[in-house]
Structure formats: structure tokens, C-alpha cells
Amino acid sequence: MRPPVAFVDDDAELRAANQQSLELAGFEVLPFADAESALAALDRDFAGVVVSDVRMPRIDGLELFARLKALDPDLPVILITGHGDIPMAVEALHNGAYDFIAKPYGAERLVQSVARAAEKRRLVLENRALRLAAESAEESLPLLGQTPAMQHLRRTLRHIADTDVDVLIAGETGSGKEVVARLLHDWSRRSRGHFVAVNCGALPETMIESELFGHEAGAFTGAQKKRIGRIEHSSGGTLFLDEIESMPAAAQVRLLRVLEQREVVPLGSNEHRALDLRVVAAAKIDLGDPAQRGDFREDLYYRLNVVTLSIPPLRERKEDIPLLFAHFSQRAAARFKLGAPELTADLRRQLFQHDWPGNVRELAHFAERCVLGLNPSEAPSAALPLAAVEASLPERLEAYEAELIRQALAANAGDVRASLEALGIPRKTFYDKLARHGIDRAEYAARKDGE
């Protein structure tokens with residue numbers, strides 16, 4: 001069932017005929033014989049579209065539109081007019097009415113206009129809900145997502161956070177492994193201690209043992225003074241070892257001993273220093289698969305694999321993408337002191353069609369690009385309709401034509417005359433193509449005089 005349509009007309013026969021046409025198209029119709037009853041029934045959360053005749057007793061359609069606009073400026077109102085009311089309807093368009101339909105009109109004209117308005121209303125309400133959800137997200141809960149996999153992950157984190165069990169996190173690049181590790185730290189009694197993050201793939205092999213285990217003065221050339229290693233520094237807190245699959249073999253042997261004995265011996269020392277240690281390791285490969293594990297020690301893998309948490313890639317939880325995009329957009333908007341972009345139909349299609357190989361990190365960067373006003377149709381490139389190589393040639397040509405029309409509208413701020421010149425097509429052909437491709441010109445700019 002499509003969104004509801006409030007149809008307001010004092011003519012009972014016309015009201016019944018239009019109600020039947022809309023119901024046959026799948027809409028739920030709420031018929032009203034006058035504006036007063038419609039105003040009493042509708043509120044800011046009305047999820048549908050209002051269609052109203054202009055000429056009605058007491059409160060006419062223009063007054064009804066003005067009151068509805070005061071109630072919710074984004075509520076789409078379609079006005080039905082006689083020939084003599086067209087100048088008034090054009091003025092109403094300038095004031096924010098969604099469309100006007102001149103009598104006499106066919107059922108198809110009404111249904112098409114209502115369908116486009118309903119899609120716009122759906123996007124408006126979705127954007128509102130996403131903004132509220134993003135605003136209400138706790139700063140201490142950056143692991144956003146409402147899919148079952150993410151809800152299960154958060155429950156598991158809460159359950160094991162206050163234990164001292166070592167944890168192995170598996171997830172692709174950019175999926176949020178450090179976020180998970182930091183939550184384990186912040187939600188535990190260890191939060192008063194240090195959260196020490198070490199990227200094992202970023203440290204040179206000649207330095208990693210000194211960085212991790214520390215050293216005494218004179219332990220090797222250049223060791224002029226004593227150094228406390230990262231492992232010892234994390235005692236009482238949490239040690240996060242990212243990209244642990246990149247750790248050199250010699251360091252793996254020493255780390256295994258640290259994990260088993262819960263003590264560390266700095267380079268150049270015979271002193272065994274006891275540790276209050278909790279290790280969270282992360283890998284972007286499956287260490288449980290011998291083919292992927294390669295030279296990584298099997299015994300170290302089993303020692304770390306007390307609890308394994310898997311973070312699903314973004315392509316496997318696409319239902320979370322709009323919420324994440326809203327969150328990152330608002331954060332970027334505050335950072336750059338700019339407005340956050342609306343989630344339009346085109347942008348939503350891009351978000352869902354792209355595979356996001358860089359996962360949440362890539363989405364965050366894309367949101368920043370959108371806030372900065374960079375053309376979102378240019379990146380990610382896989383989001384463009386033409387990239388759907390599985391489609392047939394006619395389907396790809398249709399998608400390409402629709403994209404060219406959207407680009408022309410965007411480049412000309414919705415101006416029809418300028419878009420027609422850019423596209424080189426007649427006005428009637430232009431409007432026919434807008435209807436066929438479901439393109440709403442109102443999304444690109446306000447309507448112009450006489451258009």
C-alpha cells in the first residue's frame with residue numbers, strides 16, 4: 001500500500017471519482033468534504049500528500065495550503081484549479097505548493113503527480129528520522145547501526161567488556177576495528193587506565209620489539225636511555241594491536257610469552273615485570289584460515305582467539321548506510337560550518353548501489369565530500385547507474401539519459417529554459433522524460449515563473 005492521500009473537495013461526485021482512481025493506483029485515500037475537517041485530522045507527522053480543490057466555501061484551497069504550510073513547510077500540497085484559477089495556482093507554487101492540476105484532467109495526470117509528491121514526502125520524513133537518530137546517538141556509542149548483526153555485536157561488547165579476556169577482532173579495512181577495541185576499553189573498569197594502540201604494520205621491523213617490550217639504556221646501538229614499552233605502559237588498561245598479522249616472527253614469539261606469563265622482560269634486562277594486561281588484537285584477514293594466516297604463528301592465533309568478534313562489512317549491512325551517512329554528514333557539517341545535505345533519491349541510490357570496499361571510513365569521507373558541495377555523482381564511481389553492467393543495453397541507455405537530465409538540472413539550478421538549451425530537446429519531450437524517469441525538478445531548485 002502506498003502512502004496516504006488526503007483528498008479535499010466539496011464536490012461529492014468528484015471526490016468519490018478521484019478517490020477511486022487513487023485507490024486503484026494503490027494509495028490509501030482520506031476523503032474530506034471541507035478544509036476544516038482536513039485541518040482537524042492532519043498534523044506535522046502526516047506521512048502522505050494533500051490534494052485540494054481551490055474553490056471551496058469558508059476556507060478555500062489557498063487558505064488550506066497556507067495553514068498546512070505553517071503546520072509543516074515540507075508537506076506536499078497539490079492544488080486542483082479551474083482555468084481562471086491558474087494565475088493563483090502559479091503564485092501558490094512560488095509560495096511552496098508542490099503542483100497544480102488544471103481542470104479537466106485525466107486520472108493518470110493526478111496519479112503521476114501524487115506518486116512524485118509521495119516519494120518526496122517519504123524522503124523528507126526519512127531525512128527527519130535519520131537526523132533525529134544521528135543526533136540522539138550517544139558520543140560513547142559510535143558503533144552505529146540497527147541491523148541484527150550490529151545489535152548483536154553491541155550486546156556482546158557490553159557482555160564481555162568488563163572481563164579481562166583477550167579478544168581478537170576480525171574485520172575488513174575501515175570497518176571499525178579500533179572503534180570496537182576502544183568501546184571494550186571505555187565500557188570496562190579498565191577505562192581509568194591507558195588505551196594503548198599499536199599498528200603492527202606501521203612499525204619498522206627493527207623497532208617493533210623495542211616499541212612493544214621496552215629497553216634498558218645501552219641495550220642496543222642508539223638506546224641512550226631506558227624506555228617503557230607499549231605493553232608495560234598499557235598495564236591496568238587495554239593494549240590494542242592492530243594489523244597483528246603484520247607482526248614479525250621474532251616479536252610474535254615474545255608476545256606469546258607475554259600473553260602466557262602476564263609479564264614482560266625489556267630488551268637488555270633480566271627483570272621480569274608483572275603486568276595487569278588485557279590485549280585486544282585486530283586482523284583484516286581470517287587468521288583461522290591457514291591459507292590466509294601464512295607465517296603468523298598458529299599457537300599465537302589460538303592464544304588470542306579466546307573471544308573473536310567479527311565486524312560485518314558495510315556491503316552486508318546496507319540498511320545501516322542512511323543512518324551512518326546522516327551521522328557523518330552532521331559531524332562534517334559542524335566541522336566545516338556548513339549545512340548537511342538532504343538524502344535525495346539520487347543520493348540514496350548511490351549509497352545503496354556502491355559496494356563500499358573502504359567500509360565505514362570510506363562512507364565518512366564520502367559524506368564530507370557531499371557536505372563540501374562536491375558532486376556526489378562523481379564519487380564513488382561505482383554508484384553511477386551506467387556502471388550497472390548487468391543491465392541490458394536499452395536499460396543502460398535509459399539510465400544514462402536520466403543521469404544526463406539530472407546533471408543538466410543540477411548544473412542549471414533547476415532552470416527549465418537553461419536545461420532545455422543544454423540538452424537540446426523540446427519542452428514537451430523534456431517533461432515527458434521527467435515523468436518517465438521519475439525525476440522531480442523541485443529537488444534541484446524552486447520553480448520558475450510560468451513553468
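Asp-164 is found in the loop between helix α6 (148-160) and strand β6 (167-170); helices (H or I, at least four residues) and strands (E, at least two) are DSSP runs, numbered from the N terminus. This is a predicted model, in which local features need pLDDT of at least 70 and side-chain atom pairs count only at pLDDT 80 or more, while totals for chains, interfaces and linings use all residues. Residues are numbered from 1 along each chain as its sequence is written, and side-chain values use heavy atoms, leaving out hydrogens and water.

Leaving aside neighbours within four places in sequence, Asp-164 is in contact (heavy atoms within 4.5 Å) with Arg-189, Arg-190, Arg-262 and Arg-278.

## Salt bridges

Let's turn to charged pairs. Side chains of opposite charge can pair when their charged atoms come close. A salt bridge is a side-chain nitrogen of Lys or Arg within 4 Å of a carboxyl oxygen of Asp or Glu, and by this rule the count comes to 32. Asp-164 belongs to a network of salt bridges that also links Asp-162, Arg-189, Arg-190 and Asp-276.

Which residue forms a salt bridge with Lys-318? Its partner is Asp-355, with the closest N and O atoms 3.9 Å apart. Lys-318 lies in the loop between β12 (307-310) and α13, and Asp-355 in the loop between α14 and α15 (359-371), so the pair ties together parts that are 37 residues apart in sequence. Lys-318 is buried at 17% relative accessibility, whereas Asp-355 is partly exposed at 48%.

Arg-67 and Glu-63 also meet in a salt bridge (3.1 Å, N to O). Both lie in helix α3 (residues 61-71), four residues apart, about one turn of the helix.

## The nonpolar cores

Now for the inside. A nonpolar core is a set of buried Ala, Val, Leu, Ile, Met, Phe, Trp, Tyr and Cys residues joined through side-chain atoms within 4.5 Å. The largest one has 29 residues, and Ile-231, Leu-241, Ile-244, Met-247 and Leu-255 have the most contacts inside it. Helix α10 (249-261) is among the elements that each supply at least two residues, and α10 gives the most, with five.

A second, separate core has 22 residues, including Phe-46 and Phe-100.

Key: Buried means under 20% relative accessible area, exposed over 50%, partly exposed in between (1.4 Å probe, protein chains only).
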